[in-house]
Amino acid sequence: MAKQKTIITCAVTGAIHTPTMSDALPFTYDDIAQQAVDAAEAGASILHLHARHNETGAPSVNPDDFAPFLPRIKQSTNAVVNISTGGSLTLSIQDRIKPAKTFSPEMCSMNMGSMNFSFHPLANRYSEEDWKYDWEKDYVANSDQNIFRNTFRDIKEAAETLAPHGIKFEHECYDVGHLYNLKYCMDIGLFKAPVFIQFIFGIMGGIGPEVDNLIFMKRTADRLFGDDYRWSVLGAGGAQMGLGTTASQMGGHLRVGLEDSLFISRGKLAASNAQQVAKIRRIVEDLGCEIASPDEAREILDLKGGDSVSF
Ligand code: KMH
Ligand code: ZN
């Protein structure tokens with residue numbers, strides 16, 4: 001049997017990192033568009049997108065902050081657009097799904113459980129005068145009291161609201177229990193096979209970034225879903241390249257991007273999203289795997305197609 005091709009997702013900006021942490025983190029409409037297109041050219045077939053305020057870089061779930069860059073990305077690349085519904089970690093699910101409802105992308109994220117979700121230790125790396133924007137320090141330091149709320153009722157509401165759009169979900173699973181939540185939701189008919197699971201390792205509040213945990217998550221998913229799932233791995237911070245490489249060697253897909261790590265190697269900030277994509281592509285190909293084109297990703301994940309979006 002032919003070996004499956006590896007889908008590279010690039011998560012371009014996210015809602016964890018702030019402009020002070022890296023000059024490479026895109027937050028203006030122009031920079032998000034340009035870095036997304038460059039990442040696609042480097043080999044990413046899926047672009048996982050958040051929006052930010054154009055002037056301050058603060059995370060935004062306002063569809064008006066997506067509108068300036070989505071059409072530009074669509075015109076310049078065939079890559080699949082995946083819009084976050086995680087958005088700002090403390091907002092309601094109703095607010096967080098607005099961009100996906102408005103733009104009906106081929107994919108959007110779907111977070112599969114409530115959890116602590118923190119990055120407050122990052123605040124200690126900067127002194128008072130380092131912060132570029134007023135909102136950043138409190139946003140990072142106060143994340144120790146974040147509850148990232150994704151109750152069963154929230155998930156049901158998001159799934160039912162978005163169902164008419166034919167969007168494929170990137171099911172974000174930060175721990176083993178989230179796989180059981182997904183199984184339950186499939187059993188009650190909220191999600192159709194094949195589901196696409198993003199195994200997430202190394203977020204503070206979720207499971208740690210050890211290979212043992214990847215094996216455990218994968219074995220659990222095999223038991224729960226059999227052939228009814230496709231999977232990808234996201235290692236946060238220093239785990240990004242290692243776990244992505246392991247995933248592709250195990251026959252899975254992977255995600256990189258400045259949302260998940262600001263680094264290109266130990267202690268060295270990445271210059272761009274495209275640099276991370278180019279690096280993981282090189283590793284994946286050197287180790288004998290092929291990367292999937294956007295149309296191959298559409299086939300593997302059974303997506304509705306790039307012509308069926310509203311932007
Ligand atoms: N920031 C990642 C760990 C979302 O956008 O819905 C998870 C994420 C969530 O990408
Ligand atoms: Zn995200």
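I'll take the backbone first, then the helices.

This is a predicted model: local features need pLDDT of at least 70, side-chain atom pairs count only at pLDDT 80 or more, and totals for chains, interfaces and linings use all residues. Residues are numbered from 1 along each chain as its sequence is written, chains are lettered from A and ligands numbered from 1 in the order written, and side-chain values use heavy atoms, without hydrogens and water.

Most peptide bonds are trans, and most residues other than glycine have a negative phi. Now the exceptions. The bond from A193 to P194 is cis, omega near -5°. P194 sits in the loop between α8 (176-187) and β10 (195-201). Helices (H or I, at least four residues) and strands (E, at least two) are DSSP runs, numbered from the N terminus.

S104 is not a glycine, yet its phi is positive, about 45°. Its loop joins α5 (98-103) and β6 (107-111). D302 also is no glycine and has a positive phi, about 60°. D302 falls in the segment after α12 (294-301).

Buried or exposed? S104 is at 6% relative accessibility, so it counts as buried. D302 is at 52%, so it counts as exposed. Buried means under 20% relative accessible area, exposed over 50%, partly exposed in between (1.4 Å probe, protein chains only).

Next, the helix pair. The axes of α1 (residues 29-42) and α11 (residues 273-286) come within 8 Å and cross at roughly 15°. Axes are lines fitted to C-alpha atoms, for helices over the stretch in contact, with angles from 0 to 180 degrees between N-to-C directions.
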